[in-house]
Amino acid sequence: MTEYRFETFEPALENGAPDARTTAYMQAVRAGFHDKRVEGEKLRRRTERAITDERVFTSVYADNAPQLALPPEIPVATFAHFEKTVNVGGGRLVPAHLITWVTVRPTHRRRGLLRSMMTGNLARAAEIGYPFAALTVTEGSIYRRFGFGAATWYNEVEVDTRAGFQMAVEPDRRVEMVDPHVLRELGPELYDRFQQMTPGASGRQRVYVDVASGDLNLSTDEEDLATRAALHYDEDGQPDGYVSYRFAGWDVKPATVEVLDLIAASDAAYSSLWAFLGAVDLVERVQFGYASQQSPLPWLLTDPRRVRVLAQSDGMWLRILDVKKSLEARPYSVEGSITLAVHDDMDYAEGVFRLTSDGENGTVERLAESADSAEGRAADLSLGVPELGSLYLGGADPVVLNRAGRISKRSEDAAIRARALFLLERAPYAPNDF
Ligand SMILES: CC(=O)SCCNC(=O)CCNC(=O)[C@H](O)C(C)(C)COP(=O)(O)OP(=O)(O)OC[C@H]1O[C@@H](n2cnc3c(N)ncnc32)[C@H](O)[C@@H]1OP(=O)(O)O
């Protein structure tokens with residue numbers, strides 16, 4: 001039987017190049033996601049970004065490799081975690097444990113390596129005291145078993161900008177084109193303002209700035225000279241939003257602009273940036289992969305049918321580790337109280353909890369250790385920890401989850417009361433993966 005060795009470490013550069021352990025890890029991740037090998041300067045830059053994001057790597061090594069097989073220094077499985085804040089509503093930014101770069105080599109899959117890495121990692125996150133962990137997924141069927149539930153969603157949209165594109169309410173159009181490099185500094189500043197006003201938005205990794213500013217084309221790993229950018233200015237002449245985009249090429253029909261990033265720290269910026277995109281000549285279509293599901297976009301246009309949703313995707317999945325901390329961290333906008341019986345196979349969130357809101361803050365009292373107790377049987381709602389993750393930012397509707405049999409209610413109006421309690425000022429949205 002293969003023996004496995006687990007090692008957790010920080011990526012590092014040595015004499016300007018990633019050290020051997022980091023290089024081997026990065027190559028294993030690339031292989032796990034079917035990406036080309038990267039070497040030299042490109043590998044150094046990728047490693048630098050991981051260091052900037054303060055990612056912590058876990059590698060799993062197999063103890064033996066037959067002749068000609070990949071050498072034992074190349075991990076057979078990888079995992080990474082890092083900390084970023086997540087807006088849990090009302091501009092409250094909570095440090096969260098983010099998980100990424102989970103791969104297992106095909107010849108070692110389904111032997112429990114993901115399970116080992118995940119259970120060990122979540123245990124450490126809970127011990128440190130994170131209220132929740134989060135990840136974005138390649139497949140929707142993997143992470144529920146570890147207690148994660150989808151909590152934010154986004155749409156891939158395309159907008160028909162041919163003749164006749166018209167704004168329903170004329171925006172201020174205080175938009176100017178800029179050298180995309182200005183976003184190296186300005187992009188993160190504007191993103192911070194956007195994050196502050198957007199429930200579900202998490203601190204973003206370095207790669208998003210590099211793409212928005214044209215420093216990185218993800219397909220070539222090189223600078224992208226096709227990147228263009230525009231800023232919106234507020235009444236005082238200060239930037240409060242940007243769009244970064246590229247023309248898809250003359251071979252693409254209809255002529256298309258691909259939005260790389262669109263970050264608006266005001267509604268005026270949002271509508272003026274779309275008005276700008278709709279006015280780019282020789283272009284018939286604008287595509288954006290990370291549009292909010294409940295954005296004002298269709299309402300901005302005289303013809304809402306010009307916005308077509310090409311795909312819907314779940315974004316961030318949450319794993320509540322501490323029910324009391326999580327529910328008390330977020331704000332509430334209505335007064336009320338509800339009891340929740342939460343089932344958690346991994347035990348972190350198991351129990352019966354009473355959430356009471358004064359219309360602003362919530363307090364949580366733990367009524368019983370087990371959801372299968374008498375208190376649990378009397379609770380208003382009974383649900384699994386993944387469903388609690390989905391409800392947490394107000395993104396999933398408890399009435400719908402109840403209809404799907406994913407949560408059960410003990411009192412007639414419990415799901416409707418939960419809906420009102422959990423709703424935040426905006427639908428949760430994060431314009432990125434991690
Ligand atoms: C946060 C992120 O990084 S998302 C990226 C995830 N990675 C990828 O998609 C890369 C390609 N896939 C892989 O590398 C691997 O197949 C992984 C990481 C998804 C799974 O790794 P494995 O070591 O095979 O998983 P492991 O053996 O620990 O399985 C644990 C459980 O998950 C289940 N499982 C594993 N992969 C999948 C899957 N793709 N779909 C559904 N269930 C899965 C297993 O059946 C097992 O179920 P059980 O608890 O009922 O026994």
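Helix 1 (residues 20-32) and helix 2 (residues 40-52) pack with their axes 11 Å apart, at an angle of about 95°. Helix 1 and helix 2 are therefore roughly perpendicular to each other, a label for angles of 65 to 115 degrees. Helices here are DSSP runs (H or I, at least four residues), and strands are runs of E with at least two, numbered from the N terminus.

On the helix 1 side, Thr22, Thr23 and Met26 meet Leu43, Arg46 and Thr47 of helix 2. Those residues divide into 2 nonpolar, 3 polar and 1 charged. Contact means that two C-beta atoms, placed from the backbone, lie within 7 Å.

## About the model

This is a predicted model, in which local features need pLDDT of at least 70, side-chain atom pairs count only at pLDDT 80 or more, and totals for chains, interfaces and linings use all residues. Residues are numbered from 1 along each chain as its sequence is written.

## The annotated binding site

An unreviewed UniProt entry places a "binding site" at residues including Val102, Val104, Leu114 and Glu139. Such annotations may be inferred rather than shown by experiment.

Let's look at two of these positions. Leu114 is found in helix 3 (residues 113-128) and counts as buried because it has 20 C-beta neighbours inside 10 Å; the cut-off for buried is 20 or more, and for exposed 12 or fewer. Beyond its neighbours within four places in sequence, Leu114 is in contact with Val102 and Val104.

Glu139 is found in the loop between strand 7 (132-135) and strand 8 (149-150). With 6 C-beta neighbours inside 10 Å, Glu139 counts as exposed.

Key
Axes fitted to C-alpha atoms, helices over the stretch in contact; angles between N-to-C directions. Parallel < 35°, antiparallel > 145°, perpendicular 65-115°, else oblique. Nonpolar A, V, L, I, M, F, W, Y, C, P; charged D, E, K, R; others polar.
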